[in-house]
Amino acid sequence: MKVRTEMPTTNSTQFSALCYRMVRGKPEVLLVTSRGTGRWILPKGWPMEDRSPAETAQQEAWEEAGVKGKVHDESLGSFDYVKDQGEADIQCRISVYPLKVQKMSDDYPEEGQRRRKWFSLRKAAEKVGEKQLRRILKNFDPTSRS
């Protein structure tokens, strides 16, 4: 298992997986709930040693959502949010990497800590709180990916 780098305390970057599948020719996106507030989010996490940003997003998709699949190295874009850390909030920029889901497991590291659910692109965009992430979801075109 790779070791995570030390958690930053100021402006920070995290990496996120936009997990998708095609159902009857239409894309669906997998969202998970955050552990703190229960809001709908994409799986995401801090940089990991010896892993690229896309590989980190892929690992987070496994840990938080129980999915495995093909991750793409090119980011779809980024969005900002403030991570509540108790005494000090952290301003984060999240880079989003598409991950085509090939396998979904009911036994994964954060199973029981989060809910997960598939949504259409439009519904997923309605569920997330960040305006920039809504734009990424609305503009996502999985047909341009292999």
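## Aromatic pairs

In this predicted model, there are 3 aromatic pairs. One of them joins phenylalanine 15 and tyrosine 97, whose ring centres are 6.4 Å apart and whose planes stand at 65 degrees, an arrangement described as edge-to-face. This pair links distant parts of the chain, since phenylalanine 15 belongs to strand β1, which covers residues 12–23, while tyrosine 97 belongs to strand β7, which covers residues 90–104, and the two are 82 residues apart. Both phenylalanine 15 and tyrosine 97 are buried.

Another pair is made by tyrosine 20 and phenylalanine 140, with 5.0 Å between the ring centres and 70 degrees between the planes, so this pair too is edge-to-face. Tyrosine 20 lies in strand β1, whereas phenylalanine 140 lies in the segment after α3 (131–139), and the pair therefore ties together parts that are 120 residues apart in sequence. Tyrosine 20 is buried, because its relative accessible area is 1%, and phenylalanine 140, at 7% relative accessibility, counts as buried as well.

## A charge over a ring

Rings can also be approached by a charged group, and tryptophan 62 provides a case: the charged end of lysine 68 sits over the ring of tryptophan 62, at 4.5 Å from the centre of that ring.

How many disulfides does the structure hold? The number is 0, and cysteine 19 is accordingly in no disulfide, with the nearest cysteine sulfur, that of cysteine 92, lying 19 Å away.

## An enclosed space

The largest cavity holds about 40 Å³ of space. Which residues line the largest cavity? They are Arg39, Ile41, Leu42, Lys44, Phe79, Tyr81, Glu130 and Leu133. Sorted by class, this lining consists of 5 nonpolar and 3 charged residues, with no polar residue among them.

## Positive phi angles in loops

Arginine 24 is not a glycine, and yet its phi is positive, at about 50 degrees. This arginine is placed in the loop between β1 and β2, the latter strand covering residues 26–33. Arginine 24 is exposed, because its relative accessible area is 80%, and the cut-off for an exposed residue is over 50%.

Aspartate 50 likewise is not a glycine but has a positive phi, of about 65 degrees. With a relative accessibility of 69%, aspartate 50 counts as exposed.

Technical notes: Residues numbered from 1 in each chain as written. Predicted model: local features only at pLDDT ≥ 70, side-chain atom pairs only at ≥ 80, totals over all residues. Heavy atoms only, no water. Disulfide = S-S within 2.5 Å. Phe/Tyr/Trp six-rings, centres within 6.5 Å; stacked < 30°, edge-to-face > 60°. Helix = DSSP H or I, 4+ residues; strand = E, 2+ residues; numbered from the N terminus. Buried < 20%, exposed > 50% of the residue type's maximum accessible area, 1.4 Å probe, protein only. Lys NZ or Arg CZ within 6 Å of the ring centre and 35° of its normal. 1 Å grid on protein atoms, 1.4 Å probe; cavity = no way out; pocket = protein on both sides within 12 Å on 5 of 7 lines; lining within 4 Å. Points joined across faces, edges and corners; volume = space filled by probe spheres on them. Nonpolar A, V, L, I, M, F, W, Y, C, P; charged D, E, K, R; others polar.
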